[in-house]
Amino acid sequence: MTDYQNDAYWMAKALRLAEKGLNTTSPNPRVGCVIVRDGRLVGEGYHERAGTPHAEVHALAKAGDAARGATAYVTLEPCSHHGRTPPCAEALIEAGVGRVVAAIEDPNPQVGGRGLALLEEAGIATRAGVLAEDAETLNRGFLKRMRTGHPWLTLKMASSLDGATALASGESQWITGPEARQDVQLGRARSCAILTGVGTVLTDDPSLNVRLPDVTRQPDRIVLDTRLRTSAEARLFKSNGRVRILHGPQADADSAARLGQVGADLTQLPLESTTGQLDLRALMDWLGEQGYNEIWVEAGAILAGSLLKTGLIDELLLYQAPKLLGANVRPLLDWSIPSLAQAVQLVPVDTRQIGADLRWRLRPVTVSDTA
């Protein structure tokens with residue numbers, strides 16, 4: 001086995017540990033660590049939730065004295081700054097490890113290579129880039145927010161084979177089957193927040209919460225509601241989890257008072273000059289400032305279309321049911337284009353059958369994709 005193969009083997013174990021924090025670490029990254037000495041695992045751990053010890057601390061505690069001279073495999077560069085917990089780079093130095101292998105460097109400006117540099121200054125050998133692609137996928141939202149200031153947006157949609165989301169009457173329960181709906185719950189659970197528009201709230205009155213066993217964290221629910229039309233009796237307020245409503249400058253003051261009384265967190269955003277709707281780029285800035293890494297979008301045809309057209313969606317999950325609903329229906333997207341040249345181009349990343357339905361995972365085409 002080559003050095004890289006050996007490192008990849010142990011890094012894969014660290015990544016599996018990191019996945020245990022998939023639904024709980026927000027706004028922190030998901031990180032796993034294993035400590036290996038003489039080819040034997042002597043310690044392991046993962047970051048469970050923000051404010052608790054990091055993966056390296058758990059692994060070092062289990063390894064004890066066996067950490068001295070050992071190799072630590074970490075899925076993200078050890079931190080070098082004081083936050084709610086002490087720097088993990090210093091903990092590794094104090095434990096006397098002989099080598100540290102990181103899957104990727106941390107783009108967080110507070111770290112940005114300084115964790116590895118600190119280890120090297122202490123005489124500890126380092127390596128980065130082992131199973132980097134897998135590590136990037138695991139923390140796609142955190143990494144995007146650190147690099148751009150914006151979170152990762154996943155748009156979830158469901159339709160019939162002929163692109164209908166509901167009958168013209170609004171009847172839509174259920175186009176997709178129970179297995180697909182369960183899969184949606186998994187997507188919600190890993191997200192920091194669920195984003196929707198007031199039209200969906202008024203039409204469907206959804207709870208937009210995670211309905212899975214042993215749920216310990218509910219994502220925030222965020223409603224774009226320019227004029228504050230959300231009812232204080234909406235189901236959103238009848239389940240656990242924070243509800244945040246983003247509105248425009250002309251929102252009704254009485255509505256704001258009523259929504260505040262039922263616990264809504266209200267924030268004003270500027271409007272787009274052309275549409276009079278909330279400025280979606282200001283929305284992205286706000287989401288990043290709140291520390292959201294991954295946003296799950298369940299919205300109607302207008303908001304979904306606007307997010308796609310403005311290039312703000314990172315990934316589209318489309319669940320297609322093997323049904324044909326005909327012409328008297330509501331479309332997947334509420335927009336029109338003058339020519340095929342204006343179509344939003346998507347690249348299939350993955351397709352799989354979930355129950356009777358087909359799930360498409362697609363990414364919008366970027367300039368680099370077509371270069």
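The model is predicted, with local features requiring pLDDT of at least 70 and side-chain atom pairs counted only at pLDDT 80 or more, while totals for chains, interfaces and linings use all residues. Residues are numbered from 1 along each chain as its sequence is written, and side-chain values use heavy atoms, without hydrogens and water.

**Exercise 1.** Determine how many aromatic pairs a search of the whole structure finds, and classify them.

Solution. Rings of Phe, Tyr and Trp (its six-membered ring) pair if their centres lie within 6.5 Å, and planes under 30 degrees apart count as stacked, over 60 as edge-to-face and the rest as tilted. The search of the whole structure gives two pairs. In one, Tyr 9 and Trp 10 have ring centres 5.0 Å apart and planes at 80°, so this pair is edge-to-face. In the other, the ring centres of Trp 286 and Tyr 292 are 6.3 Å apart with planes at 55°, so that pair is tilted.

**Exercise 2.** Decide whether Trp 286 and Tyr 292 are buried or exposed.

Solution. Buried means under 20% relative accessible area, exposed over 50%, and partly exposed in between (1.4 Å probe, protein chains only). Trp 286 has 7% and is therefore buried; Tyr 292, at 4%, is likewise buried.

**Exercise 3.** Describe how Arg 181 is placed relative to Trp 174.

Solution. A charge sits over a ring if NZ of Lys or CZ of Arg is within 6 Å of the ring centre and within 35 degrees of the ring normal. Arg 181 lies over the face of Trp 174, 4.4 Å from the ring centre.
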